[in-house]
Protein chains: 2
Amino acid sequence: MTDEKKDITKESPNGIVETKFYDFDALTLESGEVLSPVRIAYETYGKLNAAKDNAILLCHALSGDAHVAGFHAGDKKPGWWEFLIGPGRAFDTDKYFVICSNVIGSCNGSTGPASINPKTGKEFRMNFPAVSIRDMVNAQAKLVDSFGIFKLFSVAGGSMGGMQVLEWAYSYPERVRTAIPIATTFRHSAQQIAFNVLGRIAIKNDPAWNKGEYAGNYTGPGSDAGGPVDGLGLARMIGHITYMSDDSMERKFGREVKTLDSAGKPIDSVFQVEGFLRHQGEAFVKRFDANAYIYITQALDNFDLGNKQELIKHFSGSKTKFLVISYSHDWIYPAKQSKEIVRVLKYSWVNVTYCEIAQDYGHDAFLIPHEEQGVLISNFLENVRKGE
Amino acid sequence: MTDEKKDITKESPNGIVETKFYDFDALTLESGEVLSPVRIAYETYGKLNAAKDNAILLCHALSGDAHVAGFHAGDKKPGWWEFLIGPGRAFDTDKYFVICSNVIGSCNGSTGPASINPKTGKEFRMNFPAVSIRDMVNAQAKLVDSFGIFKLFSVAGGSMGGMQVLEWAYSYPERVRTAIPIATTFRHSAQQIAFNVLGRIAIKNDPAWNKGEYAGNYTGPGSDAGGPVDGLGLARMIGHITYMSDDSMERKFGREVKTLDSAGKPIDSVFQVEGFLRHQGEAFVKRFDANAYIYITQALDNFDLGNKQELIKHFSGSKTKFLVISYSHDWIYPAKQSKEIVRVLKYSWVNVTYCEIAQDYGHDAFLIPHEEQGVLISNFLENVRKGE
């Protein structure tokens, strides 16, 4: 062991990456309102081939961003799906051109409530128009167009990312060769809505929220986070419990008690799980905008592609091939919701493969490195690529 | 149908009841601190027999009180376990003398953080000493002593009430002939602690909490509720999601949207589940003290009777007969925790019967009228009474 600093970027085959931006004039939203101008933050990995038929779009979850792999200069952690992206990995950058963009309504570079409203010269805040999962996907479609790509080889993502996958397959079936919706649903249940409701109430209860007009303007790394840190922190903690399973929390924390702070100073003893949750909340408020949290969770709750009969009718004739993945210990996006997706697609005579992965992590499992998810995705894509 | 007002008290065989109070000088708490004086609010039903061997103690959950059955004068709702109490019901008042008392640390008549500290002449607030489930049970034992009762025919309760049942059987085995712990556990898991942590953070985040020094002093019906209503309301909503199952929420609310308020006035549309949760929060803050919520949830989280080996050793030789009940859709106090109780008791050679009741209500099921719970309890008690 030496004190020499290790160049951690060498650990990623994706190396140093930069977020890029695509600007376009206007997007008509589902509500009828027009968002103008629109900026989409995105990153790419691998090379687009001459036929432009090797592009894979990855869609992020609620609090995610365009930075899906590699390192930003100076960062200590790689992107959120690093372990699935790169040469020889599931989304193999020797074969595929991988795109990931930040959704509109968010706060990591794409247009959202913390962006400047050109009509007023001030931040939109709660005057930002309501955005839907469909709006997010329509904005992504403009980005995909900008590369001259018509048909995506695949669209993949978990949780809210999986909703975008389903929306892509629903709205643009001819543009989606394969779709990989992970730990997701056609529509939120009452319980899923309820947890998001509490997150929004936690934010709005915080006097520092001030009806959305708070100081601090988080629009991506390096910008100024602020506002209702207690409320947003609590919203994140509520969310975080739902991302873990009973078993994984028990394994990680049990009833262990923390009696020293991170500097080794004695503190009033608290259960370790409390320390962990507080840390999650504190870290989150430095990297997310409270109003964006309200807008995006509302989009999640409003998402509803239709009832079973409508969906069967709509998907009938679709040539998209699906790989549906769920996780055994995911109680907030339970396997029964993934099975409902499979059931609808089977009734529609659509080509669909389903796997439930046994992992006790809970909903977060799709973001935690483990072998099986990568193998399933890699083999599914390779079968299609080889003309299976 | 006429406009005649129906005397709803006629619907309860328990009629009009009153909360009574038992005062005693002092209780030494587990912490070593002495609480003095101590008041216990309680109610009784049926008659104590001459042998004083027909008493059943019922223990309430987190937000419960001594008012377990019958009507308080003027009330529209009966006590919280009305359907189980009365002549011919599970806890048959023709046979048994039923006692229910409010736990210390609570706010419904027994000494708690909203009580006056005799040393200062002001409310204890956050200077109230920490209380444990064992302290609650020791206070109940004093009340039971005051009737001249040594051995209880049964101790029964769900959730935190079930913890008190386990504590009675642990600390006073010779005083407990039968024990009925329902939907409960020997100790909270990390997930159970986590949800309570968030409730406490929600309260403490509310500036109106003011480190416990708020206006309003809720000490039971008719007293003045106040303080951190946003924070306590949110804490209750967090709790309430955990009391229901995914299935029961879906059946009750689904994705239905509410567009009118209770007066029929149009409102910004919200999911019905949001309206329901908000209503639960608003109703709760009128009948509960925020500091008491903090103290009692902390007692729940701290409860831990010992590890499996210690418990097996401790219960070996116990003559108490147990009926352990869990509910199929209770995810916050899951059946596996009840099975762990059964396992420990079986290893200890203790007489134990276990039933899991199939009901999709979730944790709340033990408080919702349904036939099976009553039959199981009634037959269990009758078998013992007849000398089985």
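User: Start with Ala55(A). What stands opposite Ala55(A) in β6(A)?
Analyst: Phe97(A) does. Keep in mind that this is a predicted model.

User: How many bridges join β5 and β6 of chain A, and do they run parallel or antiparallel?
Analyst: Four bridges join them, and the strands run parallel. β5 covers residues 55-59 of chain A, and β6 covers residues 97-101.

User: What sheet are they part of? In what order do the strands of chain A come?
Analyst: The sheet is open and has eight strands. The order is β1-β4-β6-β5-β9-β10-β13-β14 in chain A, with mixed pairing.

User: Which are the edge strands in chain A?
Analyst: β1 (20-24) and β14 (352-357) of chain A. Each pairs on one side only.

User: By how much are neighbouring strands turned against each other?
Analyst: By 20 degrees on average, ignoring direction.

User: Which strands does helix α1 of chain A lie across?
Analyst: Helix α1, residues 133-146 of chain A, lies across β1, β4, β5, β6 and β9 of chain A. It runs at about 55 degrees to β4(A).

User: And where does α10 of chain A lie?
Analyst: Helix α10 (residues 371-385) of chain A lies across β9, β10, β13 and β14 of chain A. Its angle to β13(A) is about 175 degrees.

User: Over to chain B. What strand order does the sheet there have?
Analyst: β1-β4-β6-β5-β9-β10-β13-β14 in chain B. That is an open sheet of eight strands with mixed pairing.

User: Why is one side of β1 and of β14 in chain B left without a neighbour in the sheet?
Analyst: Because β1 (20-24) and β14 (352-357) of chain B stand at the edges, each with a single partner strand.

User: How do β5 and β9 of chain B pair?
Analyst: In the parallel sense, over four bridges. Within that pair, Ile56(B) stands opposite Ser154(B) in β9(B).

User: Which strands does helix α2 of chain B touch?
Analyst: β5, β9 and β10 of chain B. Helix α2 (residues 160-171) packs on the sheet there, and its direction makes about 150 degrees with that of β10(B).

User: What about α10 of chain B? Which strands does it lie across?
Analyst: β9, β10, β13 and β14 of chain B. α10 (residues 371-385) of chain B runs at about 175 degrees to β13(B).

User: Now helix against helix. At what angle do α3 and α7 of chain B pack?
Analyst: At about 160 degrees, with their axes 10 Å apart. That makes α3(B) roughly antiparallel to α7(B). Their crossing is left-handed.

User: Which residues of α3(B) and α7(B) meet?
Analyst: From α3(B), they are Ile193(B), Asn196(B), Gly199(B), Arg200(B) and Ile203(B). They meet α7(B) residues that include Tyr293(B), Ile294(B) and Leu300(B). By class, the residues of this contact are six nonpolar, three polar and two charged.

User: How do α8 and α9 of chain B cross?
Analyst: At roughly 50 degrees, with axes that come within 8 Å. α8(B) and α9(B) are therefore oblique to each other. The crossing is right-handed.

User: What meets what in α8(B) and α9(B)?
Analyst: Lys308(B), Leu311(B), Ile312(B) and Phe315(B) in α8(B) meet Val344(B), Leu345(B) and Tyr347(B) in α9(B). Six residues of that contact are nonpolar, none is polar and one is charged.

User: New topic: how many residues does each chain give to the contact between chain A and chain B?
Analyst: Chain B gives 33 residues, and chain A gives 33.

User: Which element gives the most on the side of chain B?
Analyst: α3(B), with 10 residues. The side of chain B that touches chain A divides into 19 nonpolar, five polar and nine charged residues.

User: Last one: Phe253(A). Where does Phe253(A) lie?
Analyst: In the loop between α5 and β11 of chain A.

User: Is Phe253(A) buried or exposed?
Analyst: Buried, because Phe253(A) has 23 C-beta neighbours inside 10 Å.

User: What does Phe253(A) touch, leaving out residues up to four places away in sequence?
Analyst: Gln272(A), Val273(A), Phe276(A) and Ala190(B).

Methods: Residues are numbered from 1 along each chain as its sequence is written. Chains are lettered from A and ligands numbered from 1 in the order in which they are written. This is a predicted model: local features need pLDDT of at least 70, side-chain atom pairs count only at pLDDT 80 or more; totals for chains, interfaces and linings use all residues. Axes are lines fitted to C-alpha atoms, for helices over the stretch in contact, and angles run from 0 to 180 degrees between N-to-C directions. Helices (H or I, at least four residues) and strands (E, at least two) are DSSP runs, numbered from the N terminus. Angles under 35 degrees count as roughly parallel, over 145 as roughly antiparallel, 65 to 115 as roughly perpendicular and the rest as oblique. A crossing is left-handed if the near helix is turned anticlockwise from the far one by less than a right angle, and right-handed if clockwise. Two residues are in contact if their C-beta atoms, placed from the backbone, lie within 7 Å. Ala, Val, Leu, Ile, Met, Phe, Trp, Tyr, Cys and Pro count as nonpolar, Asp, Glu, Lys and Arg as charged, and the others, Gly among them, as polar. A residue is buried if 20 or more other C-beta atoms lie within 10 Å of its own, exposed if 12 or fewer, and partly exposed in between; C-beta atoms are placed from the backbone. Two strands pair if DSSP finds at least two bridges between them.
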